[in-house]
Each structure stands twice: as structure tokens, then as C-alpha cells.
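Here is a friendly note to read beside the model.

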Amino acid sequence: TSTNRAIQGVSQAVTTIDNINKEAEFSNLYHKSRELVELAKLDGFDTEDGDVSARPFLDNTYVFGEPRRLIRIDMTMPSVPRTKDEGDIEGTVKVNVDGEILSSHAIFSVQGASSAGFIKKNLNVEFCTDDTYDTDVFLKIGDIRPHAKWVYKANFIDHSQVRNLTGYRLWKQLQDLRTGYPAKDIDNYYVGKTGVDAINTQASGHPDGSTCVTYVNGQFYGLGTFLIGKRNENYNLDKSNPNHIAFNFAPGDDQDTSIRLLMNELEEGTFELRHPKNYTPLVTQRFAEFAAVNDLPQAEFEVAIRNVLDTRNVVDFYLHNNMVGNWDAVTNNTQCVTWDGVRWYFFPYDLDQIFVKGHMTGDVMRRTQNGLYWTKVYNTYETEIKARYAEIKKTVFTLKNFDDLFKQVTLGIPLEFYLAEQAKWGGELISHTEYMEWIRGRLANLDTIFNYIESN
């Protein structure tokens, strides 16, 4: 039970107290004791009784419906890897979706860039058939395309567990509002295809998943999000097509990527090449062509860029990032994809730094010198951006919609789990009311930025 596991944790903490660093060890014991109190309340949430083993629908593919309650993940491994340098850790995993359980061998590894340094780890989970770890098992949950590798997102800087999923679902809503065809960005992949090639793969072009609670070696590890990452198959990137290219804006010292785009310096080292794995002459050529357009003076840029970017994609991307305060998108955490080598699309990922108190005001896409490229974009699409904002201000950019989105993510998490999370990891828990007040203030700010006047 949860109580027994917590008692074991406290016992382990007690036995580690020594004379070397009593203060740190007693602090560890204090947090373990708090965890015991909160985890004792979780008795009755254990889900083993009455559960059934899942069976594959086809070969090694397991299909689950949309979760009605919190997903439970049980990982077994020698220990949780602390750094990416530790590489792959072999073990087993159980995924419980509404009482139906997938049991599988698995390969675990640390996921993320800057988040890899947090004490609570994001973990890649690669499902395998047996202890040779050579054959993949594919997992499909809800409308998500089957994937062999999923991610346990620990959300260490988002103890409320709302940011990633709310941001991705808002992005989906914006695309669902579009009319005609192709409507969604990923639909452009299918244009001109016939037969089997035209069948919808259920790729979405953005991460998606559900809230979860995770246990490691039988002990509570924490809340989080169980989702798919920026895997190539979720963008319909085909290894056999040389014009299928994807790259990410680079983090760290290369946070001037958008300036390099502007200055015609889109070259190796300014980004992370996602597809193909290695540079080819064609990739280099496509980058040069893209960068050359971005380097044009404003007047020429405004004409040429409309043949390079998709208007609905870039307008919604601009507004989405501004609505959620995604300052990280300008220089980081943006995926750029082309399926023909000519027209490029922007996709969001890693939205754990949205809805942050310090980013409620101003246009996050045109901030400081890193926003120079997006200033050119805004000047080009200003009419479309303002018109689209006026449209979605009546539909998805509303307090009611955000109230619904936040609740969809959090209502399945019992209070006891939040308390257990706080006892184990600490940190600030931002309330639903605080998030709603952030949205209220942000909408007022955007009304000013995009000259929006509410009509009766």
C-alpha cells in the first residue's frame, strides 16, 4: 500500500543519518516524514485490485481509449538516472489506463535540456517486448498516434501540472477553428497524396498526453504528464523523402537563432537538426533558400515570405505564444518543419514556462533584440494577426475556455496527490484562481497590443 511504501522510505532516511552532515540528513528525514503523512492518505487509491491485462490489437500495438481518470505508471529500474550521461537504463514498466494495464520491458533515460538538471527527472520511456530490448512495443492512448517511446514529464517547475497540456490543447483548438481544407497544419502533408499514402496517420504536429501519477520501484515518485514528445512520426516526417526537414531553435549560447535567421546565417550550430539525422547537400540548399528570404529588406520580405510561410500557421503561432506568454518560443522550443523544402511551419513544444507571473505584459514575440525576426513577421501579417485575434477573442481566448481547459487537466488529480507531491518535492503550487487572474490580466494586455475593442 501507499502507507507501507512511505514507511519504508522513512526507515531508509533514518538509517542514512550519520555524523558527516546531520543537518542535511535531518532535513531529508523531515521531508520523508511529511511524505509519510500525505501518502498514508492515498490508501484506497491503489489500483491493482480488479485491473486487467491489456492485449495487443495488432502485433505489438496496444490501444487504450481516452483516459477518464489519472493514469498510473509503475517503473522498475536499478535507480532513476540523474543525468543524460548515464544513458539508457533497462527495466520494466506498467501503464494503467482506467484499470487496463500494459506490462512491458522498457528503456529509461533522462529527457530534456535545462530540465535535465532538476532533481525530479523527466524520463523517456521506450517500450520493448522482452529483456533483449530489441523489439518495440507501440502504445496508443486516445487519439494519439501509436508510439514506442513516450515521455514522463515531471513538471518540476509546474507543480500544478497544467501548463504543458493546457498549452497544447489551446494550440489544437486554434487549428480546429480554421475552416476549409487543409485546416490543421499537419493536413498539408496529405495534399496531393492518394491511396494508402493519403490515409490519416493521426499525427498531430505537437505533443499530447494525459496527467499521471508515477511510482518507481514501488514508491511514490510524483505527479506529471504522460505524453509523446517531438518524435518525427508525429510530424509525418518520412526518411525516404529528402525534402522532409525539421529543426529546432537552439537553446543556451545560441539563443540568437532568430537573429541568425534574420541575418541569413541559418547554418550548422545555430539549431538542432531533427530530420534527417545528418546534413545533406539538399538540406544545406533548403536552409540557404529559407534564410535568404528571411534576410530580405522589409518591403521585399513582405512579398517573398508569403510563399515560404503558411499564413494561418504563422498567425496562430504568433497569437498562441502571446496568449500563453511563451517567451521561450522566440529563441528556443520551436520546431520548424517543411514537407516540400519550400514552405515552412512553426510548431510549439515544451510549454512548461508559460503562464508565468513575470510574462503577463508586452508582446513576447517582439521583445528585445531576439525579436527582430518576429518584428518583420508582425509587420508583414499585422492585418491578419489583428483580425484573427478579434475572431478568437470570442471563442477560445476567453475566461470560460481557459477555466474549462485548466479543469480538464486538474480535476482528475485528488488533493491527496498534490499534498504528497508537495511533501516530496516542495515548490510553489499555483492555484486555479491565480491562473485565471493571470489570464484575465493577459487578455486585457493583448487587447491593447492588438487594438481590440469589445463590441456589444
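1. Helices (H or I, at least four residues) and strands (E, at least two) are DSSP runs, numbered from the N terminus. This is a predicted model, in which local features need pLDDT of at least 70 and side-chain atom pairs count only at pLDDT 80 or more, while totals for chains, interfaces and linings use all residues. Residues are numbered from 1 along each chain as its sequence is written, and side-chain values use heavy atoms, with hydrogens and water left out.

2. To get your bearings, the protein has 11 helices and 14 strands. Of its 456 residues, 53% count as buried (under 20% relative accessible area, 1.4 Å probe, protein chains only).

3. Now to the largest pocket, whose volume is about 1,200 Å³. A pocket here is an open set of points on a 1 Å grid over the protein atoms alone, where a 1.4 Å probe fits, with protein on both sides within 12 Å along at least five of seven lines; lining residues have an atom within 4 Å of a point. The volume is the space filled by probe spheres set on the points. The lining holds 49 residues, and Gln 111, Lys 230, Arg 231, Glu 272 and Arg 274 lie nearest the centre. Strand 8 (149–153), helix 3 (163–176) and strand 12 (271–275) each give two or more residues to this lining, with strand 12 giving the most, four.

4. Which element gives the largest share of the lining of the second largest pocket? Helix 3 does, with six residues. This pocket has a volume of about 770 Å³ and is lined by 33 residues, of which Glu 66, Asp 143, Arg 169, Lys 172 and Asp 208 lie nearest its centre. Strand 9 (209–216) and helix 9 (399–410) are also among the elements that give two or more residues to the lining.

5. Leaving out residues up to four places away in sequence, Trp 374 touches Val 314, Phe 317, Tyr 318, Val 330, Phe 346, Met 365 and Arg 366 (contact means heavy atoms within 4.5 Å).

Note on methods: Buried means under 20% relative accessible area, exposed over 50%, partly exposed in between (1.4 Å probe, protein chains only).
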